[in-house]
Each structure stands twice: as structure tokens, then as C-alpha cells.
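Q: Please look closely at one part of this protein. I would like strand pairing explained step by step, in plain words.

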Amino acid sequence: MATLILLLDFVSINYIAHSIVLVIIGVFAFSQIKNYVNGLFLKSNPLISNGSTLQVGDYTGEIKSFLPLGLKLVTEQGIQFVNYTTITTSGFAIKSNKTSLLRQVLYLNTEQTPDQILDLLFDNPILNYNHPPVINKADNNQLKLQYTTENGASRKELITFLEDNSVQTNLNNNSK
């Protein structure tokens, strides 16, 4: 908004000359401006970060850094610069993300209270406590556990742990 106001002020000084200057700049800088805006949209994707493995056209590599007009990929051929317009026009695939944080849901059937289950879960290193688990009441006397596992841990390990501690689990809400 501030940039637009400054441009309008610039044009208001001398309508003809400054309008021509802005049109010439716009024509020659359009591809760079488009590339920069594409980069803003791409960076807003939470799955794309430093360390993520990205496939763009013929290149597959780990993102080393984000630059104003492109990013650096560490590929088998070396470090490659790929501009944001190329990424958006040719498409991309995220092969892996370093954190691989996915929020998962598990339904619990138990007589224990949510606080007792959370105390039980804190005794186990399977869950990622940077994103702490949350337990809410679901329908049909079930509890809904939302959690994130540590890298390398699986849902199966958590289910085994809970069932060993007399908490029945279900992947679906039985009230439906």
C-alpha cells in the first residue's frame, strides 16, 4: 500500500514524464517482479523449507537456501539455482521434509480422564512435545487424541503403548 502511494506521488509530480518512466520500468522489470511474487507465494507453503527435498523438472535436491529471485538446490550435479517462475510453471513435488511433522488423530475408549492419559503419555518419548498432544471429548464417550510423533516413531508404537496401559484405541470415530 505504501509503495502504491509513493508511486502515485511520483506520478503526480509530472504526469506525462513519470508515467512513461514507470511504464518503461514495468515493461523491463515485469519478469523479475513476477518471479519475486511467485517466490513469496512459494515461501508461504509450510511444507517447503530449508532441508526439504524438492523435485523441479529434471532437478531433485535438497533446498539449501531461499534467495529473493530463486532458490538453491543441492543436487547430484552440484548446487543448482532455480528461479521461482520456473518452479511454478513447470510444477514441483516435495519428496520429503526434514521435520515431517504431521498432526494425527486417534480415538480412545477408556475410563481414564484426559489428564490421566496425558500424564501417561508424558512418560513415553514417542510424541513430539514441541507440538504437545491435545485430548478433547468426542461423541459416544470417546476421547479424541491429536498428536505429533517424533521422527522415526510410528502410530503403531503409540497404539501398542496405549493398549499396554489399558487404553483401547480406534482410528475412526465410532459415533458415525
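A: Two strands pair if DSSP finds at least two bridges between them. Strands (E, at least two residues) and helices (H or I, at least four) are DSSP runs, numbered from the N terminus. The model is predicted: local features need pLDDT of at least 70, side-chain atom pairs count only at pLDDT 80 or more, and totals for chains, interfaces and linings use all residues. Residues are numbered from 1 along each chain as its sequence is written, and side-chain values use heavy atoms, with hydrogens and water left out.

Start with strand β8, residues 143-147. It pairs with β6 (residues 104-109) in the antiparallel sense, over five bridges. It also runs antiparallel to β7 (residues 134-137), and four bridges join those two. Look at Lys144 in β8. Tyr107 stands opposite Lys144. Asn136 stands opposite Lys144 too.

Now follow the side chains along β8. They alternate. Leu143, Leu145 and Tyr147 point to one face and are buried (under 20% relative accessible area; exposed is over 50%, partly exposed in between; 1.4 Å probe, protein chains only).

Leu121 itself lies in helix α4, residues 114-121. Leu121 counts as buried because its relative accessibility is 1%.

From Leu121, look across to Thr75. The two are 46 residues apart in sequence. In space, they are 40 Å apart, C-alpha to C-alpha. For scale, the C-alpha trace of the whole protein spans about 80 × 45 × 30 Å along its principal axes.

Thr75 brings us to another set of strands. Strand β3 covers residues 70-75. Strand β2 (residues 59-67) runs antiparallel to β3, with five bridges between them. Ile63 has Leu73 as its bridge partner in β3. β2 and β3 form a hairpin, with two residues between them.

Stay with Leu73. It stands opposite Gln80 in β4. Strand β4 covers residues 78-83, runs antiparallel to β3 and is joined to β3 by six bridges.

Ser166 is found in the loop between α5 (155-164) and β9 (168-170). Its phi is positive, at about 60°, although Ser166 is not a glycine. Ser166 counts as exposed because its relative accessibility is 60%.

Finally, step back to the whole chain. There are five helices and nine strands. Read along the sequence, the pattern is α-α-β-β-β-β-α-β-β-α-β-β-α-β. Of the 176 residues, 31% count as buried. Consider contacts between residues at least 6 apart in sequence: 55% of them join residues at least 24 apart.

To recap the part you asked about: β8 pairs with β6 over five bridges, and β8 is joined to β7 by four. Lys144 in β8 has Tyr107 opposite and Asn136 opposite. In the other set, β3 is joined to β2 by five bridges and to β4 by six.

Terms used:
Contact = heavy atoms within 4.5 Å.
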